[in-house]
Amino acid sequence: MARMPVQFRLNGSDRAVFVEPAETLLGTIRRGLGDFAPKFGCGQGTCGVCTVLVDGEPRLGCLTLSVTCEGRSIETASGLADGPTLHPLQAAFMEHFAAQCGFCTPGMLMAAKALLDRNPNPTRVEVVEAIAGNVCRCTGYEPIINAILAAAQQRGVRRA
Amino acid sequence: MARHQGRGMASINYPIGMNLGGDPSQALVHANPDGKFTVALSAIDLGQGMKQVSRQIAAETLGVPIEDVYVDTADSDTGPHDMGSFASRGTHRVGNAVIVAAKEARGVLLEAAAEELEVNADDLVTDGKGNIHVRGAASKSITVKAASQAAQFKQGKTISGRGIFLIPLSTVNPETGEMSPVTAYAHACLVVDLEVCDETGDVKVNKLTSAYELGRALNPKMVEQQLVGGAWMGMSHALYETPEPYYPNPEHGGRDYNEYLMPGPGDIAPHDITVLERPAPDGPFGGKGPGEMCANPVLPAVANAIFNAIGVRIDTLPITPEKILRALKAQGGARPQVRRA
C-alpha cells in the first residue's frame, strides 16, 4: 500500500514523514524520526514504556497509528530537559532513586507529566492511578510515587 | 464472609557469591593523560549500582575525587574476565578486584609523583581532592594530573593496576559432604502483616517490616532502593507471578504480557526497613551486598502469614486466590491461628 504523508509537532519541532498506513506512532518516532526515548516493551498496550503525550494526553505509542496524529503535538521524554536543565520530574526521579534499569522511566515520566500538567497538586492515590498503566520491574514503585509527589511540591514552591 | 488478619515472619542467611569453580572477578585500572582514571570491568550494571559502587571503591582506594573515575563496563570482549553480575556477588567480588587494581595503580602514581617532587614515595599522601603531597608538608605537592602527565610523557611509566579476586574452589569432604561454598553471608529478618478474605481468597499485604545485615552499606540510598524494589518482587513471586499456574501441567499459562500478572503501584505496602551494618572482614570496605536476598524472605513470610490468618499451608507458588479457596474448602473453613504481639 502507498505510504502516506503525516505532519505533526514532535517536542516543539514541525516534522513531516511518510508512513505506512498501519505504522504505529512508536515506530515512526523511533525508526522514522530517531527519537529513542519511548521504548518498545510488550507491543500490546500493557506495559506503558511507549507512553507519549498527544496534545497533552498520555497515549500508548505502540497502539496509536501515526496517520491519526496529523496536525497534533507529540511530546516524548527527549523534550523534557531544557538544554542542560532537567525538567523538575527528571530531577526528582534522580533525587529519589526512581530508576534502576531505566527502561520504564521514559514512559513513567510522560505519564507523570500528563498528570502534573492537568493536576499540579495530586494526592498519592491520584499519582498511583496516573502510573497504573506503567509497569516497573525494579523499583517497587514506591520511589517513583515519591519522586512524582516531590516534583509536584517543588513546582508548587516555584510558583508561589 | 470475613477478612482474617495474619502475621508471618522469615529469616534468611544468604551466601554472597558462589564457589562453583572459584568465582573470580577481575578489574583493570589506568590513568589517562588528564589525570583521570578508567576502571575496566566485564561485570555489567543492570541498574543495581555496580558502576556506582565500583567508582566509589576505586576513588577511595586511589585517593582521588570520585568525579575523576570513570567505570567502563561496556563490553566483555574488551574488559577483563568476570563471572558476572549475579548471585549478590558484584559488590563483594568485583569490589575486592577493584581495590587490588587501584592499589597497584596508586603505587605507580605515587612513584611518579615522588620522582617529580624528589622525595620518597613512602612519604606521600593523597588529599582526595586531586593533589599528592608530602605527609605533614602540604605545600610540597603535585596534582594527580601533573603526576600522571609526567609519568606518561616524561618518565615513560604506565599508571595502571591489575586486580583479581578469587576464592579458591572449596574441596568437599567425601565422608560428610562438608565444604565452604562461600566466605560471607548476609542476613535478614522480615515480618509481613496481611489479611485474607475467606470468601474471595484475596490476599492484601498491609505492611512489611524488615531488618537487613549486609556488611557496610557502601551506598546507603542504593541499598535502600534494592531492598524496596526487591521486596516488591518477592511479593510478586509470592502472590502473583507465574507462567504455569498448574505446574507441572502447562495448561492455562499466560499466553502473552497481558496475562502475566504482577502487582501494580496500587498494590504495594509500606515497608519499614532497618539496615544493620556489620562490616565483613573480607568485604571491600566491609561491604557484602543486598542483591537477591532482598526478594527471598518475603515468600516464606507471606506463606506463614497466610497460615497465621486462616490456618492453611500453601506450599506452591504463587499463592493465588484459587489455591486459598481450595485449601479452605478442604479444611472446612478458616481456622485463624494464635497471633502474638
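1. Overall size of chain A. A compact globule of 160 residues would have a radius of gyration near 15 Å, and chain A, at 16 Å, agrees with that. The radius is taken over C-alpha atoms, and the globule rule is 2.2 Å times the number of residues to the power 0.38. Along the principal axes, the C-alpha atoms of chain A fill a box of roughly 50 × 35 × 25 Å.

2. Basis of the note. This is a predicted model, in which local features need pLDDT of at least 70 and side-chain atom pairs count only at pLDDT 80 or more, while totals for chains, interfaces and linings use all residues. Residues are numbered from 1 along each chain as its sequence is written, and chains are lettered from A and ligands numbered from 1 in the order in which they are written.

3. Fold of chain A. Chain A has 5 helices and 5 strands. These are DSSP runs numbered from the N terminus (helices: H or I, at least four residues; strands: E, at least two). Their order along the sequence is β-β-α-β-β-β-α-α-α-α.

4. Packing of chain A. Of its 160 residues, 46% count as buried. Buried means that 20 or more other C-beta atoms, placed from the backbone, lie within 10 Å of the residue's own. Of the contacts between residues at least 6 apart in sequence, 58% join residues at least 24 apart. A contact needs C-beta atoms, placed from the backbone, within 7 Å.

5. Domains of chain A. The assignment, automatic or from a database, gives domain 1 (4-77) and domain 2 (88-159). Their C-alpha centres lie 21 Å apart. Domain 1 puts 16 residues into the contact and domain 2 puts in 13. On the domain 1 side, strand 3 (51-54) and strand 4 (57-60) each give two or more residues. Strand 3 gives the most, with 3. By class, that side has 9 nonpolar, 4 polar and 3 charged residues. Here Ala, Val, Leu, Ile, Met, Phe, Trp, Tyr, Cys and Pro are nonpolar, Asp, Glu, Lys and Arg charged, and the others, Gly among them, polar.

6. Chain-chain contact. 17 residues of chain B touch 19 residues of chain A. The chain B side divides into 8 nonpolar, 7 polar and 2 charged residues.

7. A helix pair in chain B. The axes of helix 2 (residues 90-117) and helix 3 (residues 144-155) come within 9 Å and cross at roughly 85°. The two helices of chain B are therefore roughly perpendicular, a label for angles of 65 to 115 degrees. Residues in this contact include B:Leu109 and B:Ala112 from helix 2, and B:Val144 and B:Ala147 from helix 3. By class, the contact has 7 nonpolar, 1 polar and 2 charged residues.

Technical notes:
Axes are lines fitted to C-alpha atoms, for helices over the stretch in contact, and angles run from 0 to 180 degrees between N-to-C directions. Angles under 35 degrees count as roughly parallel, over 145 as roughly antiparallel, 65 to 115 as roughly perpendicular and the rest as oblique. Two residues are in contact if their C-beta atoms, placed from the backbone, lie within 7 Å. A residue is buried if 20 or more other C-beta atoms lie within 10 Å of its own, exposed if 12 or fewer, and partly exposed in between; C-beta atoms are placed from the backbone.
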